Amino acid sequence: MICSKCKGEVSDDMQYCPHCGTKIVKCPYCGQIIYPGSQFCIHCGRRLDSSSQDNYNNDYRQNRKSSIGGYYRPLDQDNNYHQKSYNNYSNNYDDDFNTYDNDYNDNQNYNDYEKPKKKLNIPLIVGAVIVLIALSGLSYWYLYYGSSSNDAYSDSYDISEFYGDSDDSNNATTVTNMTISGTTSYTSQIGNNVQGGFVYQTDDKIYMQNNDGYLVSMDYDLSNQVVLVEDDVSYINVTDDKIYYCDSNYILHSMDLDGSNDITYFDGEDVYYVNVIDNMIYYQLDSSSESIYVYDVDLKTSKQITDHQSYNINVIDDMIYFTGSDGIYAISTTGQGEEKLISGEVYNLMYSNGKLYYYIDGVIYSYDVSTKETVTITDGYLLNMTDDYLFYYTSSYVLYRYDISTGQSTSIYTGYLTDVSVCGDKLILTTYASSGYEKVLLTFDGSQQQAIFVETTTDSGDYV
């Protein structure tokens, strides 16, 4: 496994990184290493209890306040990493972390620890500093220029692809001043919401998370950026006169388009998968077995639709498609006629043109709602889609575009991603490098990309 902080190799049984001393935090569901501050596991997509990381993440969250939602699952996932009880993990975590220093200093197990030498190894320290400077420069180049290639799919992972290669002209991506055009289809709105609801497009504005996780409005050419909420936001929905969003505690708010008149809903209870459609708000209520509710804005009343765990909520006309803990379900918006459509551990469900798209165990499928036919599409982890394309990720850190009409896949980005949103005719990626998280605008074919929240010159598009 790879340490989330220094990217060094970590054995499966280690509790602390031997290179930087960072506490190894694993997802309680799939056992893979998770990043500090993550609200969703980047490997299996399950929502994490933020309270289990609060003590560990206080310093980290001063630099990174954005909610993160990666939704891919590694092909080499080992089920032996699963922990028996998430509650035990949460309760014991703080004690383990707080006693680490004492345990190490006491050096109770002499077979595991080597006594530190008093004499400093000056050549080793100088060499380490040089390596760190080189890696920092490489990370800086990758963060702003990234990499894009059309290499064939491969399960193997090349570290040079992760950081990009500035000497490879075929791997370089044009940096230019970009703008967003077109509209975001309802299919993509569903995909954005499944990703965490970090982006929402209206007729004249873009509302999205910035690099700090704050809610920002901007024009289509990325200008006139205005911070509306200085808090981690998610599940952004915008109507003609209101902005809806969840704060860092997943409490639902609404406010006027200028950021005034902020109010909260549901007595401060945490909710997820918020879909605001006309005067109705569909959401998952965490305290009620993670079941689906609908709230009538005019009548100010809520009604329970399901009575069991529900994720990836897709509201389509008078039907709701969603995943449970054991498959895909359909139910009417009135709560009648619940039906199980597919069995399995399903991730990232999205509806488009009469079909449901999803993945199980690293394989993407489609399910025809009318004919009930299931079709295998490709290997990978579905992240988002439009009416024409699927965007999926692989364990080799490559983002692909799959053409639904032709069945052809094209690699459009190589690098570590935590989520992919669709906004008009562009993708908005949340990338990660040693310097932190960055929102990047990317064309559907991967030919152009640009960091969204940095200044550029008006002529060349070079970063300043």
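Colleague: How many of the residues of strand β20 are buried?

Modeller: This is a predicted model. Strand β20 runs over residues 363-368 and is mostly covered. A residue counts as buried under 20% relative accessible area. Of the 6 residues in β20, the number buried is 5.

Colleague: Which residue is the bridge partner of Y357 in β20?

Modeller: Strand β19 covers residues 355-360, and β19 and β20 pair in the antiparallel sense over 6 bridges. Within β20, the residue bridged to Y357 is S366.

Colleague: Which residue takes a positive phi in the hairpin of β19 and β20?

Modeller: That hairpin has 2 residues between the strands. The positive phi there is near 50 degrees, and the residue that takes it is D361.

Colleague: Turning to the rings, what class of aromatic pair do Y244 and Y265 form?

Modeller: The structure holds 22 aromatic pairs, this being one of them. The centres of Y244 and Y265 are 6.1 Å apart and the angle between the planes is 40 degrees. Planes under 30 degrees apart count as stacked and those over 60 as edge-to-face. The pair of Y244 and Y265 is therefore tilted.

Colleague: How many residues apart in sequence are the parts that the pair of Y244 and Y265 ties together?

Modeller: Y244 lies in strand β7, residues 242-246. Y265 is in the loop between β9 (263-264) and β10 (271-277), so the parts tied together are apart in sequence by 21 residues.

Colleague: What class of aromatic pair do Y283 and Y293 form?

Modeller: Y283 lies in strand β11 (residues 280-285) and Y293 in strand β12 (residues 291-296), so the pair ties together parts 10 residues apart in sequence. Both Y283 and Y293 are buried. Their centres are 5.9 Å apart with 20 degrees between the planes, and the pair is stacked.

Colleague: Which residues do ring pairs link with Y244 and Y283 into a cluster?

Modeller: Y244 is buried, as is Y265. Ring pairs link Y244 and Y283 into a cluster with Y265, F266, Y293 and Y295.

Colleague: How far is R401 from the ring centre of Y389?

Modeller: A charge sits over a ring if CZ of Arg is within 6 Å of the ring centre and within 35 degrees of the ring normal. R401 lies over the face of Y389, and its distance from the ring centre is 4.5 Å.

Technical notes. Residues are numbered from 1 along each chain as its sequence is written. This is a predicted model: local features need pLDDT of at least 70, side-chain atom pairs count only at pLDDT 80 or more; totals for chains, interfaces and linings use all residues. Side-chain values use heavy atoms; hydrogens and water are left out. Rings of Phe, Tyr and Trp (its six-membered ring) pair if their centres lie within 6.5 Å; planes under 30 degrees apart count as stacked, over 60 as edge-to-face and the rest as tilted. Helices (H or I, at least four residues) and strands (E, at least two) are DSSP runs, numbered from the N terminus. Buried means under 20% relative accessible area, exposed over 50%, partly exposed in between (1.4 Å probe, protein chains only). Two strands pair if DSSP finds at least two bridges between them.
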